[in-house]
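Please read them alongside the coordinates.

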There are 2 protein chains.
Amino acid sequence: MTKTNPTASLLIIGNEVLSGRTRDANLQFLATRLGEIGIPLREVRVIPDVPEEIIAAVNHCRAKYDHVFTTGGIGPTHDDITSECVARAFGVAWEVHEETRAIMAADYARRSPPVELNAARLRMATLPKGAVPIRSTATTAPGFSMENEHVMAGVPRIMQAMFEALAPTLEGGIPVTSRSVHAHRVFEGQIAEGLTAIQDRYPALDLGSYPYYWQDSGGVALVAKGTDAAMVEAAAQEMFDLLARFGTAQRGEPQV
Amino acid sequence: MTKTNPTASLLIIGNEVLSGRTRDANLQFLATRLGEIGIPLREVRVIPDVPEEIIAAVNHCRAKYDHVFTTGGIGPTHDDITSECVARAFGVAWEVHEETRAIMAADYARRSPPVELNAARLRMATLPKGAVPIRSTATTAPGFSMENEHVMAGVPRIMQAMFEALAPTLEGGIPVTSRSVHAHRVFEGQIAEGLTAIQDRYPALDLGSYPYYWQDSGGVALVAKGTDAAMVEAAAQEMFDLLARFGTAQRGEPQV
């Protein structure tokens, strides 16, 4: 049997996603990268800039999953409350992190014209007591890890830099492998029974069925995922054979 | 004082979003449309195709919010378990809905060549006892409402048709109005203090600050939202004046 992989959850913090103003761009990136390093994403929540909601979600997820990632709410404005809420969730002080203050002050002093490290910007150097900063090339205002809780920026470019700085420090699991097959003009209702039988033969894998639309018609894509690459290949072959009974099966995702 | 609007939550059900295979396209549509009809979205969860997770999330959200919307998991394959899980969450039987079976059977019989209403497809006519089907022009396999829980397809085109069929039956609230202003080369750290003061003068509004990147530099967009349109306009004017102290303020969202 394969060792069970560690698990991850993601909290997307921000009213702008809930209002539809902003289309989240972080979920898919993190889902993909976490799968690659064997820490699959098991749950995502999008929550508003409300302290009680953030604190409750952080405490729920850090108890239930091996890792919690958050995006958003670590800038200098009044609606950036993630860092303070994480301190409250862990029951620790929220205080200026001196090393970070010094790094940011030096960065701001070097700029032309120099930037003032005012009270608002100093919030970005204020961390839960005991937090470990996540430093990246994108900005001197850091993310941070507090035990299994990893706090990152909401801006995708900065979030990605922070994640890539953090990733080598995480103990990963076995990468999740996936294989897909598809067939145009074959439909889920035709192959559902056969697919159930394959799933029953490979209970350790996650088999998915996804209809798609193409040239006024459509088809179905079937995907096998799991940490045992040989088993994934075997199941994908069986799915290919199943589709071939009803149409022209092809390997890979449909290009539609 | 304005009457409080009803609230909504969204459950996105599907391993394919959590694995990164599929980028969700339903959140932003529903967030926008629900804001327009005055039922703002307060929380979103993306959860896997695991019965216990679905049942727990449905029961949590239907108790906490006025409406719960779910997308995904109502097709004919083994991983389509939303409908059955909603029945279990409500403690009712999951049984063939005769009117829906008849509608689907007639539709399938009319096709050329005719489509068999086999066991897999019959799952799509099987609903929690007491559910009200959501019929749309997109497909004869329906979504359904079970009290305040509204179950829709995951395919965006079908989901949108189901939502538009459902929306006129929902008692909406006061539409959420928003106004935005922005300025290139003005940064959050400069305006944070002034923005906090505006937020303090308009506690009924939701003011947001969003940095953006543009031509190797960037700027900040400020957004005011609320159900009192006159108050939103007044706050937007104050935000415009705040930005104008530091740069060239403009109304509307930046085109970047």
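**Strand E8 and its neighbours in chain B**

1. B:Phe144 stands opposite B:Val151 in E8(B). The strands concerned are E7 (residues 143-146) of chain B and E8(B), which run antiparallel and are joined by three bridges; two strands pair if DSSP finds at least two bridges between them. Helices (H or I, at least four residues) and strands (E, at least two) are DSSP runs, numbered from the N terminus. E7(B) and E8(B) form a hairpin with two residues between them, and B:Glu147 in the turn has a positive phi of about 55°.

2. This is a predicted model, in which local features need pLDDT of at least 70 and side-chain atom pairs count only at pLDDT 80 or more, while totals for chains, interfaces and linings use all residues. Residues are numbered from 1 along each chain as its sequence is written, with chains lettered from A and ligands numbered from 1 in the order in which they are written.

3. E8(B) also pairs with strand E3 (residues 67-71) of chain B, in parallel and over four bridges. B:Phe69 is there opposite B:His150 of E8(B). In a regular strand the side chains alternate between the two faces of the sheet. For strand E8 (residues 149-152) of chain B both faces are covered, with B:Glu149 and B:Val151 buried on one side and B:His150 and B:Met152 buried on the other. A residue is buried if 20 or more other C-beta atoms lie within 10 Å of its own, exposed if 12 or fewer, and partly exposed in between, with C-beta atoms placed from the backbone.

4. Which strands make up the open sheet, and in what order? There are twelve, with mixed pairing: E6(A)-E7(A)-E8(A)-E3(A)-E1(A)-E2(A)-E2(B)-E1(B)-E3(B)-E8(B)-E7(B)-E6(B). Strand E6 (132-134) of chain A and strand E6 (132-134) of chain B are the edge strands, each pairing on one side only. On average, and with direction ignored, neighbouring strands are turned by 20° against each other.

5. Between the chains, strand E2 (residues 41-47) of chain A and E2(B) run antiparallel and share three bridges. A:Arg45 has B:Arg45 as its bridge partner in E2(B).

6. The interface involves 45 residues of chain B in contact with 45 residues of chain A, contact being C-beta atoms, placed from the backbone, within 7 Å. Elements giving two or more residues to chain B's side include helix H2 (27-36), helix H8 (188-201) and strand E11 (217-226) of chain B. That side has 17 nonpolar, 15 polar and 13 charged residues. Ala, Val, Leu, Ile, Met, Phe, Trp, Tyr, Cys and Pro count as nonpolar, Asp, Glu, Lys and Arg as charged, and the others, Gly among them, as polar.

7. In chain B, the axes of helix H3 (residues 51-64) and helix H4 (residues 82-90) come within 9 Å and cross at roughly 55°. Axes are lines fitted to C-alpha atoms, for helices over the stretch in contact, and angles run from 0 to 180 degrees between N-to-C directions. H3(B) is therefore oblique to H4(B); angles under 35 degrees count as roughly parallel, over 145 as roughly antiparallel, 65 to 115 as roughly perpendicular and the rest as oblique. Residues of H3(B) in the contact include B:Ile54 and B:Val58, and those of H4(B) include B:Cys85 and B:Val86. The contact has seven nonpolar, two polar and one charged residue.

8. For chain A, the secondary structure comes to nine helices and twelve strands. Of its 256 residues, 48% count as buried.

Technical notes
Two residues are in contact if their C-beta atoms, placed from the backbone, lie within 7 Å.
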